[in-house]
Amino acid sequence: MLISFAISLMGTAKAQTNQAIAANANTTQIAKPDVLVLKEAAHNFGKIPQGRPTTYTFEITNTGKEALRLDNVQASCGCTTPEWGKEPIAPGATANIKVGYNAYAEGPFTKLVTISYNSGQTKTLTISGEVYKSPISSVPENVSVQFLKQTNQ
């Protein structure tokens, strides 16, 4: 009985080893070379005034031997808007991804933009900065004007 238990245990271990080798072989076959190179992966806007949308353009390069297709470019929230070309990027060519940020909320921010390409590969861009409260008008408010309007009516 002890011998049959030992043989059963060795058979289970061998089956698990064979499954691990097969899984590793499948992963190796599926993995595609990384052909999308970012000139830079992050941009800091610094201090920007509240209510003024701002943009930055990231440059990408296709280092592969086949055309590169961007499947999707998605921002982590609605205040960030990416724009990109839908046409394939030729080998050795560059393309741009323009990322806009709506500086509505006051305070520091960090937003992520995920690039999906070649049917399953991804890269992440990061934008950051700090939005400061800007005056309502570039001219200081003159309270005397309101007083004059009321007295002249």
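Helices (H or I, at least four residues) and strands (E, at least two) are DSSP runs, numbered from the N terminus. The loop between β7 and β8 is where N118 is found, and S119 has its place in that loop too. The structure is a predicted model, in which local features need pLDDT of at least 70, side-chain atom pairs count only at pLDDT 80 or more, and totals for chains, interfaces and linings use all residues. Residues are numbered from 1 along each chain as its sequence is written, and side-chain values use heavy atoms, with hydrogens and water left out.

The chain contains two helices and eight strands. Read from the N terminus, its elements follow the order α-β-β-β-β-β-β-β-β-α. The pLDDT, which is the predictor's confidence in each residue on a scale from 0 to 100, averages 81 over the chain, and 67% of the residues score at least 70. Among the elements, β3 has the highest mean value, 97, whereas helix α2 (residues 143-151) has the lowest, 52. Where pLDDT is low, the predicted coordinates should not be read in detail.

The strands are arranged in sheets. Two strands count as paired if DSSP finds at least two bridges between them.

Strand β5 has two faces: T80, P82 and W84 lie on the covered one, T81 and E83 on the uncovered one.

A further open sheet has four strands in the order β2-β8-β7-β4, and its pairing is mixed. Its edge strands are β2 and β4, each pairing on one side only. The twist from one strand to the next averages 20°. Strands β4 and β7 pair in the antiparallel sense over five bridges, and A75 stands opposite V113 in β7.

What share of the 153 residues counts as buried? The share is 25%, where buried means under 20% relative accessible area, exposed over 50%, and partly exposed in between (1.4 Å probe, protein chains only). The chain exposes about 10,800 Å², of which carbon and sulfur atoms supply 56%; accessible areas come from the Shrake-Rupley method with a 1.4 Å probe, and for residues only the protein chains shown count as cover.

A nonpolar core is a set of buried Ala, Val, Leu, Ile, Met, Phe, Trp, Tyr and Cys residues joined through side-chain atoms within 4.5 Å. The largest such core has 24 residues, and those with the most contacts inside it are L36, L70, I97, Y101, I115 and L125. Two or more residues each come from β1, β2 (42-49), β3, β4 (70-75), β6, β7 (107-117) and β8 (121-132). Strand β7 gives the most, with four residues.

Contact means heavy atoms within 4.5 Å. Of the contacts with a separation of 6 or more, 65% involve residues 24 or more positions apart. Leaving aside neighbours within four places in sequence, L125 is in contact with residues including L38, F58, I97, V99 and I115.

S128, in strand β8, counts as buried because its relative accessibility is 17%. T57, in strand β3, counts as partly exposed because its value is 39%. S119 counts as exposed because its value is 63%.

Most residues other than glycine have a negative phi, and most peptide bonds are trans. N118 has a positive phi of about 50° although it is not a glycine, and the phi of S119 is also positive, near 55°.

Note on methods. Axes fitted to C-alpha atoms, helices over the stretch in contact; angles between N-to-C directions.
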